[in-house]
Amino acid sequence: MKKLTPLAALLLVPLLLTGCDWTLINPSGYVAKQQSNLMIFSVLVMLLVIVPVMFLILFFSWKYRQSNQSGTYDSGFYHSNKLEVVIWGAPICIIIVLALVTWGSTYLLDPYRPLVRIDSQTKIAGMEEELGAVKTLASRFIDPKRSDEAVVETTPLEIEVAALDWKWLFIYPEQGIATVNELAAPVNRPIRFKITSASMMNSFFIPALSGQVYAMPAMQTQLNAVMNREGKFKGFSANYTGHGFSQMYFYFHSLSNAGFDQWVEKVRSSTKVLDRTEYLALDQYNQKDERGHVQYFGIRHYGSVQQGMYHAILNLCVMPGAMCMDEMMGIDLAGGAGIDSLNNLKRLRYDMRRTTKAQLDLAEFSGMMPGDLVCTSDSAAVDFVRATRKLPALKPITPTASVEQPAGSVQGQKISRDGSTIAPIL
């Protein structure tokens, strides 16, 4: 009876796996499905080495055990060409196969690459795809059912994503709405995500839809994907960003076309407006409960969005008076602003944007006092520490006309310096 107990416990192990989430193995999106096939293929190929090696370990341990007196012992053995071929040839062949399939899949699954099909059997009209020998080989492993049986007319749904502390902001420029911690899209329609971050490096990840893509401040990454099954799926940050990291998740709703239209109307009925003032109030990290723990922010809808909101988030110039990154790049591209650029220091304090000192400096350019902006208890504490250290204050400098431009004013315009004109490129 005692001998059967370990065996019974071993048989119960598969029952524990029944509670596991197999989203990565069986996702609902076309891109994620190809990534899953690539992962499974790589594991199976590597098992061609692992399984024989594990078997031979057990076989030789049993054959040459101490109690086996009939085993042969060859003291003169030191080399075998056949063994060398097997030991080195098999891994080399496996590496070559993995390299070819992985290289081709890297191109096919590039998140920046626009989708040319919404599933294995349906191609998007007007999207041409020229694959070489290696990419064709890779496609047969990660998408074995690929064919051109059907062609569909569709356009990508554009969604602008901003990672905040600790919440996700989604802006729909075509629909003119925005949400916090809730995402929706029609099934079988390509989605083009534009992703950035308001502060620290983050990671945007919906396992059922596609692989994770990093979100970085003042930078824009992209993700092209499509969902092929209706349902509610969880998304989250896959990059640790502080003590509120575990509460930084959201829900993705894959809906029918009619269901998506109803969802848009539901969001549009909200009276909240996502403007600069609302965003500054939203971009705070003090979501603490009565115990001091960061709590889930919840879901919020905005029925309308101020024009150029994502541009301001991407260029770190939502706060009035702050200089946009593309404006600074435009000045640099023109050769710099000389001594006049000293005035830009106060407008470029992105890392200190929550402190009262930075807000006072920006008030010089925006005409708004810190009381009109957002100041948290944490920022006040930082200012108090700096004041006790008696740090030297910057002397106020009267801004000149060459840099006294409102935040974001360079977008769609040209700036001039010494007779030269440039168009900033982002």
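**Links, strands and helix packing**

Cys-324 counts as buried, at 0% relative accessibility. The model described here is a predicted one. Cys-317 is likewise buried, and its relative accessibility is 0%. A disulfide joins Cys-317 to Cys-324, with an S to S distance of 2.0 Å. The angle about the S-S bond is 80 degrees, and the link of Cys-317 and Cys-324 is right-handed. A search of the whole structure finds one disulfide. The burial of Cys-317 follows from the cut-off, because buried means under 20% relative accessible area and Cys-317 stands at 0%.

Strand S7 spans residues 191-197. Five of its seven residues are buried, so S7 is largely enclosed by the rest of the structure. Strand S3, residues 157-164, pairs with S7 in the parallel sense. Seven bridges connect S3 and S7. Ser-197 in S7 stands opposite Ala-163. S7 also pairs with strand S10, residues 221-225. Here the sense is antiparallel, and the bridges between S7 and S10 number five. Gln-222 in S10 is the bridge partner of Lys-194.

Lys-194 takes part in a further link. Side chains of opposite charge can pair when their charged atoms come close. Lys-194 forms a salt bridge with Glu-158, and their closest N and O atoms are 3.4 Å apart. Lys-194 lies in strand S7 and Glu-158 in strand S3, so the pair ties together parts that are 36 residues apart in sequence. Lys-194 is partly exposed, with a relative accessible area of 22%. Glu-158 is buried, with a relative accessible area of 19%.

Arg-300 is partly exposed, with a relative accessible area of 25%. Glu-278 counts as buried, at 19% relative accessibility.

Another salt bridge is formed by the side chains of Asp-143 and Arg-146, at 3.4 Å from N to O. Asp-143 is buried, with a relative accessible area of 5%. Arg-146 counts as partly exposed, at 23% relative accessibility. Both residues belong to a network of salt bridges that also links Arg-113 and Glu-129.

Helix packing was examined next. Two packed helices are described by the angle between their axes and the distance between the axes. Helix H3 covers residues 81-108, and helix H4 covers residues 133-142. Their axes come within 8 Å and cross at roughly 90 degrees. H3 and H4 are therefore roughly perpendicular to each other. From H3, the contact is made by Leu-100, Val-101, Trp-103, Gly-104, Ser-105, Tyr-107 and Leu-108. From H4, the contact is made by Val-134, Lys-135, Leu-137, Ala-138, Ser-139, Phe-141 and Ile-142.

Notes:
Residues are numbered from 1 along each chain as its sequence is written. This is a predicted model: local features need pLDDT of at least 70, side-chain atom pairs count only at pLDDT 80 or more; totals for chains, interfaces and linings use all residues. Side-chain values use heavy atoms; hydrogens and water are left out. Buried means under 20% relative accessible area, exposed over 50%, partly exposed in between (1.4 Å probe, protein chains only). Helices (H or I, at least four residues) and strands (E, at least two) are DSSP runs, numbered from the N terminus. Two strands pair if DSSP finds at least two bridges between them. A salt bridge is a side-chain nitrogen of Lys or Arg within 4 Å of a carboxyl oxygen of Asp or Glu. A disulfide is a pair of cysteine sulfur atoms within 2.5 Å. Axes are lines fitted to C-alpha atoms, for helices over the stretch in contact, and angles run from 0 to 180 degrees between N-to-C directions. Angles under 35 degrees count as roughly parallel, over 145 as roughly antiparallel, 65 to 115 as roughly perpendicular and the rest as oblique. Contact means heavy atoms within 4.5 Å.
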